[in-house]
Amino acid sequence: MNLTLKIWRQKDSKDKGQMVTYNVTDISEHMSFLEMLDVLNEQLVNTGEEPVAFDHDCREGICGMCSLYINGEAHGPDRGVTTCQLHMRMFNDGDTIFIEPFRAKAFPVIKDLVVDRTAFDRIQQAGGYISVNTSGNTQDANAIPIRKANADLAMDAAECIGCGACVATCKNSSAMLFVGAKVSQYALLPQGRVEAKDRVLNMVNQMDKEGFGNCTNTGACEVECPKGISLTNIARMNREYLSASVKED
Ligand code: SF4
Ligand code: FES
């Protein structure tokens, strides 16, 4: 395939940035989207130009690092995949492809297609953990009965890889699908109930501080999420938040 690429180039966080046009040739339909960008970057390096900066790590849908907005969709036109799992067979010879960073106030652009998503780390640090006594007399987790339905829902929520596609897709730049998943994976298990109230209050508080918008139930986040995280996790987070906010006598 021969393709025209329109790519967002931005020197650093202060640069205004602009779309720049590139051409790539002989792209195999079996290549991943990031491999196609590798071909472009090799071309740029060979001609003495600055390669395009983009995030990636595992390249197998696990780490959540890859974060491209492709033809107006987070992670591109396929469903249930991250950018690194997107294949060039989703495109046609002669296509023009628009490639931009994930855009949100809380995800400032660092360079080209790389954005700063440490806001997610700070939300996690605010409550995305459980405190466990590791002195040697810890209760065996397998000795605590958990309903199968709850175990399954907790596992589904734990599939969130923190990629930020939900934020990039949402017209309000809301992070509620991400935070809902992180709150739910603990709220559904007895181990997570001990600190449940503080967790949801602190994580939602941090989410607001970071400048993410609110959820208005459009559902675009659920459609673009590569891990199929359900909107019901936002509803669960809201219930958890409400009950944690009610003062007990
Ligand atoms: S909820 Fe989905 S889209 Fe949002 S960060 Fe988690 S995996 Fe990514
Ligand atoms: S590079 Fe790890 S999920 Fe894409």
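The centres of domain 1 and domain 2, taken over C-alpha atoms, are separated by 29 Å. The contact between them takes 18 residues from domain 1 and 17 residues from domain 2, where two residues are in contact if their C-beta atoms, placed from the backbone, lie within 7 Å. On the side of domain 1 that touches domain 2, the residues divide into 9 nonpolar, 6 polar and 3 charged; here Ala, Val, Leu, Ile, Met, Phe, Trp, Tyr, Cys and Pro count as nonpolar, Asp, Glu, Lys and Arg as charged, and the others, Gly among them, as polar. Domain 1 runs over residues 3-111 and domain 2 over 117-245, with bounds that come from an automatic or database domain assignment.

The model is predicted, and local features need pLDDT of at least 70, side-chain atom pairs count only at pLDDT 80 or more, and totals for chains, interfaces and linings use all residues. Residues are numbered from 1 along each chain as its sequence is written, while chains are lettered from A and ligands numbered from 1 in the order in which they are written.

Turning to the protein as a whole, the C-alpha trace spans about 70 × 35 × 35 Å along its principal axes. The protein has 9 helices and 7 strands, which are DSSP runs numbered from the N terminus (helices are H or I, at least four residues; strands are E, at least two). Of the 249 residues, 35% are buried. A residue is buried if 20 or more other C-beta atoms lie within 10 Å of its own, exposed if 12 or fewer, and partly exposed in between, with C-beta atoms placed from the backbone. Among contacts with a separation of 6 or more, 69% join residues 24 or more positions apart.

Helix 1 (residues 33-46) has 14 residues and reaches 20 Å from its first C-alpha to its last, close to the 20 Å expected at 1.5 Å a residue; the expected span is 1.5 Å times one less than the number of residues. Its buried residues are Phe33, Met36 and Leu37. These lie on the same side of helix 1 because they cover an arc of only 100° around the axis, the arc being that of the directions from the helix axis to the C-beta atoms. Strand 2 (18-24) is included in what covers these buried residues. The face turned away from the buried side carries the exposed residues Glu42, Val45 and Asn46. After helix 1 comes Gly48, with a positive phi near 75°.

Strand 5 (residues 96-101) contains Ile97. With 18 other C-beta atoms within 10 Å, Ile97 is partly exposed. Not counting residues up to four places away in sequence, Ile97 touches Leu3, Leu5, Ile70, Asn71 and Phe91.

Two residues stand out for their backbone angles. Most residues other than glycine have a negative phi. His75, although not a glycine, has a positive phi of about 65°. This residue is found in the loop between strand 4 (73-74) and strand 5, and it is buried, with 28 other C-beta atoms within 10 Å. Asn217 also is not a glycine and has a positive phi, of about 55°. Asn217 is found in the loop between helix 7 and helix 8 and counts as exposed, with 8 C-beta neighbours inside 10 Å.

Leu231 is found in the loop between helix 8 (220-224) and helix 9 (232-245). It counts as partly exposed, with 18 C-beta neighbours inside 10 Å. Leaving aside neighbours within four places in sequence, Leu231 is in contact with Gly219 and Glu222.

Finally, there is the ligand. Ligand 1 is surrounded by 14 residues, of which the closest are Cys160, Cys163, Ala165, Cys166 and Cys225; a residue is near a molecule if its C-beta atom, placed from the backbone, lies within 6 Å of it. Helix 4 (165-169) and helix 5 (176-187) are the elements that give two or more residues to this shell. Helix 5 gives the most, with 3 residues. The shell residues divide into 11 nonpolar, 2 polar and 1 charged.
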